[in-house]
Each structure stands twice: as structure tokens, then as C-alpha cells.
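I opened the model to look up a few residues, then the chains, then the contact between them. My notes follow in the order in which I looked.

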Amino acid sequence: MIERLRKPWPDHRAERLLGAVSLLITAGVVAMVVFVASRAWPLFEHNGVSWVFGGGDFEAEVNRMTAATTNPAAAVFHLRAWPLIYGTLITSAIAVVLGLTIAVLSSVFIVELAPARVRRIVIPMVRLLASVPSVIYGLIGILVLVPFVSNNLVTTHEKVSLQSTVQLTGGGLGVTAVILTIMITPIMIALICEALSSVPPSWREGAVALGLNPLRAVRAVTLKAIRPAIVAAAVLATARAIGEAVMIQMVSGGKTFIPRPGDGVAFFFEPLRTLASAIVDYRDGLNSPALGAAVYGFALLLLFSAFALSITGYLVKLPLRKYQTRG
Amino acid sequence: MSWRWGDRLVLVAAWTVGISLCVIAAAIVLYMGYRGIEYLRPGLIFSRPSADQAGSGGFLDPLLGTIILTVIGIVLAIPLALSSAVWITEYGRPSWLARVVESSIEIVAGTPDIVIAIFGLAIFQTSLFAPFSFTAEGGGVYGNSFIAAGAMMSLLALPPIYTATRDGLQAVPGHQREAAFALGKTRITTIRRVLLPSVRSNIATGATLGISRIIGSTAIVLLLLGSTLRIEAQGSFPGINVLRGTGSSLTSYIYENSPAGEGGAPQKAYAAAFLLLIFVLLLNLLVDRIGRAHADSSGLAPIGAVV
């Protein structure tokens, strides 16, 4: 038996072994969905799908869930988590829209406009921004930006007038959106730069030969040509944005609240909570039946959103293949 | 050259944005450096955390925790990633199965860290996996241990190693394989002796990117490693007892010491954050070095390797 293992392996045995190991990963993904869904089932059992809607008092419902430790009554499972979904959507939307604009401009800058010396500095800087851990972004946010906003940008008038509804502590939508934008922009820059440099230069040269100035040529030809890449970058960045948990938990103000545009500038100073940051907030309650099911439900929603975005990104990148010279 | 002022505006905007990004990146590094030098003392690196954070005590335990997690994560991820990359590029039959595996790895790559952490808890809190983590007297499985966190860390490191190895294998010219076959070697032998050695630098790049992701992840540590600051072993079997126990990592240490956690000592948080940033920067430089030693054909590939 040992002799058989020591001789050079026949290909079919190696193929089957390697294939089995590779399928372990698929099994892991399936297990991920199954385990999380089974833990989240009580939430759906008692609420159906309507837990994503609004209407209840989220914090009171969570307190009720935390208080009920064993065999809770069915009423305890009642949850309306729309504030979390709103928080996720609005932070991600602002971050992706801002980030996409910045990313396209920066990529054009890096690939077309910057002289080689400047490019040699900018590219490592972008790579650095991409590799800073999220907890360091959160640390700078909570120790530098939040006090700055609280002391300099939020007026006393705003604090007093909103006192009855919510405390303005500086952390909230504004700081969260700004830091989230900085976090997701490098990803988009990487993708868009790669796509920009894969477009055949003769296309742009043709436009310049027809009389467009270089910048216009880029706009008219290259940017239009990489539209799939821009969409893919946006999709990837959205997936990253909705999944960001720790940084948002540190700077978003720690209170579940739906920022109200009607409050004017204070809209950006009002606290919020997202699905991912709620998971971090309530991580101690994962063993309790009601709160645990709720948190697993949030995770399941995030998982499916990430799936959907992944599939969309893949579908959108397919037309890109014809521009790439390798792979 | 008479540009419309709309175009001039875009030109100015592009330059501003590009330079601002550099300024922001430099500001982050410089500020963390300033605070880090202010608060980082060599004593901190080598002393263990004390119960009272506002007093003395450093971050030896979190540092060890980060190292243990990284080792477990990479040790688990490399065989998985290499096997899949080799299977998909060299064998890959039936093709629908290969697509399934490739999609699974992309799904893992796109899953947020926090969901991977939740998945880890869902698995390790079942009684099947009780020996791998901290078990309370009443039989409640906490699901927190280095093994649990390390296993999930391997999922983080898997996609970079897989992508880098797969790209490297696809870039090996066909005549190398054909020469090996002409000499009578089986496929698996050519893989072992010819192909894998030639993609060593790709594997190294992927592993370094994976390590970068592991040491920067906080969510998995917070959920799967408990909120103890010191390493607490579980059981008495030497070696395994630490793996089964709980502890902390640099990232969770930073989190706990910031106002978001217990909040007592922002200075320690700054010091640990500076250390973490230095590690990440060094890893970045390493990736750069490896990338340059085996120069790629496409000039801007180093940026793409970040994703």
C-alpha cells in the first residue's frame, strides 16, 4: 500500500484528489449559506420577509430581544429593521457615487495626464490607501474626524434644536460617507486603470488625428470603451461598501436612527447604523435565541446582496474580455 | 491650443483629485507615524497586556495572536488555493465543474469579512466542533478560539493566492509542458517539477497579499476570538491548548482601546495602529519587490494585484 503511494502517481488519481480538494471550497460556500440560513430561520419564521420594512421602534425591539434569554414568546421576535437597510443603502450610495467620480478622474489622471515622475508617486499612494486596514481608518475617524466635526462643524443651535430627537455627537452620516469613499475608491481606481491601459492606443490617436484635444479624445473614445469596466468597478465597490462593518461601527454614532434630509446640514451629522455595523454592535447577543436569529438574518441579507453583486459584476465584465490582452 | 473651458475644468479636476489622493494617503501615514512615535515604546511590544489598560502593559499577546492567526490562515489556505489553481488550469474536467469551483472562489472573494465571521461562528458553535474552541461548563459552546478564527482567516487569504497562482500557471508557455510530456513525464510530475517551481514568485505574491488581508481583518477577530486581551489557553495539552483558547490580535486590540471598545487608552491604540501600519507597508513593499523581480508584461498590473 505504501509502495503504491510512493511510486509516481497516475494522472487520474492526482486529478481526482486535486478535484476533491477544490470541491471542498464549493462545499464550504454551500455550508456557509446553509448554516447562516438555518440560524436565521426564527427571524423569518416570525416576521416573514417584512422585517426589512420599517414602522417599529428598532432599539426597543432589540432591547426586548436582549432581555429574553430563554424560550422567548413569539412577540419578542417581532423586528422591523428598515433603519439598518436605509443606513446601508445611503452610506453605500453616497460612497459609490462620490468614489466613482473620483476614481474615473484619478484613473484618467494616472494613465493619460500624469508625467512619469508623478505617476511613480501616485500609484504607490493609491496602493497604500487600498491596503490600510479598516480598523485604522476607524481609529483616525473616531479620534480625529469625529471630535473635529463635533467641535467645529456642528453648531450649538443644531445640537439644541435636535436634542429631543437625537444627540449629535459628531459621528454620523458625514464622517461615515467620507471615510467609506476613501476606502472604496482605490479598488475602483485599480480596475479602471487596468481597463484604460488595455484600450488600444490607436483608438485615441485616431480621435486626436480627427481634431479632438487629448482630454476630449479620452472622454469621447476611451471612457466610452471601458463602460463595462466602470460598471464592474462600481459593483465591486458597492459590495465592499455594504460589507464594511468595523469602520462604520466606530464612526457612525452608535444609535439606530434614520437621518432626515429635512434637517438641512444636520442631515450629515445624524447618527445611523448599517446592517454590517449592527452585526458588530450586537455580537454579544449571538447566543440568545431572538437576537441571534436577527443578527444571522442581517448576515444572510448581506450574503445574498454580495452574491447578487458578484454575479452582476461577472456578467458585466464579460464584454470586457475582448479588450484584455491576457487571461 | 484653445481648449474649451469645460475641458480645462476637467483637466484641473483630474489633477486636483490625483494630487489630493496622494495628500490623503501621505496624511494618514504621517499622522499615524506622528502619533505612533509619540506613544510607541519598545517596552510596549514585549510586555503583556495588564488588566487595567490605562496603566502599564503592552501588546505582546495581541502581537502573538496576529502571528498565530496568520500562520494558521496561510497554512490552511495555501494547499487549498494551490490545489484549486492547479486543478482548474491543468485538468479542469468536466468544464461545468471547473466553472462551479471558480465561481465559488469568486463568491468567497466577494463575501464581506463580517459574513465570513458569522459563518465561522455558525459552524464552530455547533457541538460537532466543540473540541476546537472554548466550552463552558454547562456545555454551551462559545465558538471562540484561534483555530476557529484561523480557519476563517484562510478563507480570506484563499482568493489572492488562487488568483495569483492561476494567472502564473496560465502564463507559463505551452512548450514547457510539451517538452516535459515529450520526455515521458506524467501531468502531475510536470506540475510538481516544472510548473509549480516556475510560478514560485506568483505564489509568494499571492501569499503576501493574503497575509496583508489577514492581519488587517478586525471583524473575524472580534467575533471569533473573544474580547479578552490576553491569550487564554484552554485545556492542558501543550501547544494545542493555546490554539483552542482565546486571545486577541493587533486589530482587536486597537479596536478595544479606542473609544468604540472599552476606550481607556487611545495612546496604546495609536501605538498598536502604527505598528500594524508598518507591517502592512512592509508587506506592500515585499509584493512590489517580488513583482519587480519577475516583471510582468502589462505595466500597470501592480495596481491590479491589490484587488
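I started at Ala225(A), which lies in helix H10 of chain A, residues 214-225. I take helices (H or I, at least four residues) and strands (E, at least two) as DSSP runs, numbered from the N terminus. This is a predicted model, so local features need pLDDT of at least 70, side-chain atom pairs count only at pLDDT 80 or more, and totals for chains, interfaces and linings use all residues. Residues are numbered from 1 along each chain as its sequence is written, while chains are lettered from A and ligands numbered from 1 in the order in which they are written.

The cut-offs: a residue is buried with 20 or more other C-beta atoms within 10 Å of its own, exposed with 12 or fewer, and partly exposed in between, with C-beta atoms placed from the backbone.

Next I looked up its contacts (C-beta atoms, placed from the backbone, within 7 Å). Leaving aside neighbours within four places in sequence, Ala225(A) touches Val199(A) and Trp203(A). I also checked Ala195(A), 30 residues from Ala225(A) in sequence; the C-alpha to C-alpha distance is 9.1 Å.

Then Glu45(A), in helix H2 of chain A. Glu45(A) counts as exposed because it has 11 C-beta neighbours inside 10 Å.

Chain A as a whole. I listed 14 helices and zero strands. Of its 327 residues, 48% count as buried. The C-alpha trace of chain A spans about 75 × 70 × 35 Å along its principal axes. Among contacts in chain A with a separation of 6 or more, 80% are between residues 24 or more positions apart.

Chain B next. Chain B has 14 helices and zero strands. Here 50% of the 307 residues count as buried. For contacts in chain B between residues at least 6 apart in sequence, 70% join residues at least 24 apart.

Where does Pro94(B) sit? Pro94(B) is in the loop between helix H3 (60-91) and helix H4 (95-110) of chain B. The peptide bond from Arg93(B) to Pro94(B) is cis, with omega near -10°.

I turned to the contact between the chains. How many residues does each chain give? Chain A gives 80 residues and chain B gives 75. On the chain A side, helix H2 (residues 11-47) supplies the largest share, 16 residues. By class, that side of chain A has 59 nonpolar, 13 polar and eight charged residues. I count Ala, Val, Leu, Ile, Met, Phe, Trp, Tyr, Cys and Pro as nonpolar, Asp, Glu, Lys and Arg as charged, and the others, Gly among them, as polar.

Last, the largest nonpolar core, with 194 residues. Such a core is a set of buried Ala, Val, Leu, Ile, Met, Phe, Trp, Tyr and Cys residues joined through C-beta atoms within 7 Å. Ile192(A), Ala233(A), Ile279(A), Ala299(A), Ile118(B) and Ala273(B) touch the most other members. Helix H8 (residues 173-198) of chain A gives the most to this core, 17 residues.

I followed up Ala299(A). Beyond its neighbours within four places in sequence, Ala299(A) is in contact with Val36(A), Ile279(A), Val115(B) and Ile118(B).

Note on methods: Contact = placed C-beta atoms within 7 Å.
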